[in-house]
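The following report sets out the architecture of a single chain and then turns to selected residues. Please consult the sequence and the structure alongside the text.

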Amino acid sequence: MSDHIKLSDASGTYSIRAAGAVLGESANVIELREGASDPVLYVPRADMAMAFFDQTDHTTHCPHKGDATYFTIQAKSGPIKNAAWSYDAPKKGLEKIAGHLAFDSDKVTIEQT
């Protein structure tokens, strides 16, 4: 794992919403801090309503975290494209975020409840 990436358990419970719908709630959120970037919250897929998520063909590669797969959220108002991503096989030292989703903050709201 890169020395500039730090993982920690986020305290409290978080609600995840998009297009007015609650997609999940979790007390098992992981906070990832990478350098000077804003922290990113990773939520276990097991705590999300995955029936609303469709994996897309879009992928990205991070030299520090690995390959990310993306998901479109099927909302009542229409699809929210590539609103979430996941590292299914993250690089060594980041295995804790496997099976978790991170979200585009312009498309999805994550609030501590």
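## Asparagine 82

Asparagine 82 counts as partly exposed, at 24% relative accessibility; with a 1.4 Å probe and protein chains only, buried means under 20% relative accessible area, exposed means over 50%, and partly exposed lies in between. The residue is found in strand β8. Here strands are DSSP runs of E of at least two residues and helices are runs of H or I of at least four residues, both numbered from the N terminus.

With neighbours within four places in sequence left aside, asparagine 82 is in contact (heavy atoms within 4.5 Å) with Thr56, His58, Tyr70, Phe71, Thr72 and Lys107. Between the C-alpha atoms of asparagine 82 and threonine 72, which are ten residues apart along the chain, the separation is 4.7 Å.

## Basis of the model

The model is predicted: local features need pLDDT of at least 70, side-chain atom pairs count only at pLDDT 80 or more, and totals for chains, interfaces and linings use all residues. Residues are numbered from 1 along each chain as its sequence is written, and side-chain values use heavy atoms, with hydrogens and water left out.

## Overall fold

The chain contains ten strands and zero helices, giving the pattern β-β-β-β-β-β-β-β-β-β along the sequence. Its radius of gyration is 13 Å, close to the 13 Å given by the globule rule for 113 residues, so the chain is as compact as a globular protein of that length. The radius is taken over C-alpha atoms, and the rule is 2.2 Å times the number of residues to the power 0.38.

Along its principal axes, the C-alpha trace spans about 40 × 35 × 25 Å. Of the 113 residues, 42% count as buried. Among contacts in the chain with a separation of 6 or more, 49% come from residues 24 or more positions apart.

## The seven-stranded sheet

Seven strands form an open sheet with antiparallel pairing, in the order β1-β4-β5-β9-β8-β7-β6; two strands pair if DSSP finds at least two bridges between them. The edges are held by β1 (5–9) and β6 (53–62), each of which has a single partner strand, so one side of each is left without a neighbour in the sheet. On average, neighbouring strands of this sheet are turned by 35° against each other, direction ignored. Axes are lines fitted to C-alpha atoms, and angles between N-to-C directions run from 0 to 180 degrees.

Within the sheet, β7 and β8 pair in the antiparallel sense over six bridges. Alanine 75 stands opposite glycine 78 in β8.

## Aromatic pairs

Rings of Phe, Tyr and Trp (its six-membered ring) pair if their centres lie within 6.5 Å; planes under 30 degrees apart count as stacked, over 60 as edge-to-face and the rest as tilted. The count by this rule is two aromatic pairs. One of them is the tilted pair of tyrosine 70 and tryptophan 85, at 6.1 Å centre to centre with 40° between the planes. This pair links distant parts of the chain, 15 residues apart: tyrosine 70 is in strand β7 (residues 66–75) and tryptophan 85 in strand β8 (residues 78–86).

Tyrosine 70 counts as buried because its relative accessibility is 12%. Tryptophan 85 is also buried, with a relative accessible area of 17%.

## Glutamate 34

Glutamate 34 lies in strand β4 (residues 30–34) and counts as buried at 17% relative accessibility. Not counting residues up to four places away in sequence, glutamate 34 touches His4, Ile5, Cys62, His64 and Lys65.

The side chains of glutamate 34 and lysine 65 are joined by a polar contact of 2.5 Å. Such a contact is a pair of N or O atoms within 3.5 Å; within protein, one must be able to donate a hydrogen and the other to accept it, and residues adjacent in sequence count only if both atoms are side-chain atoms.
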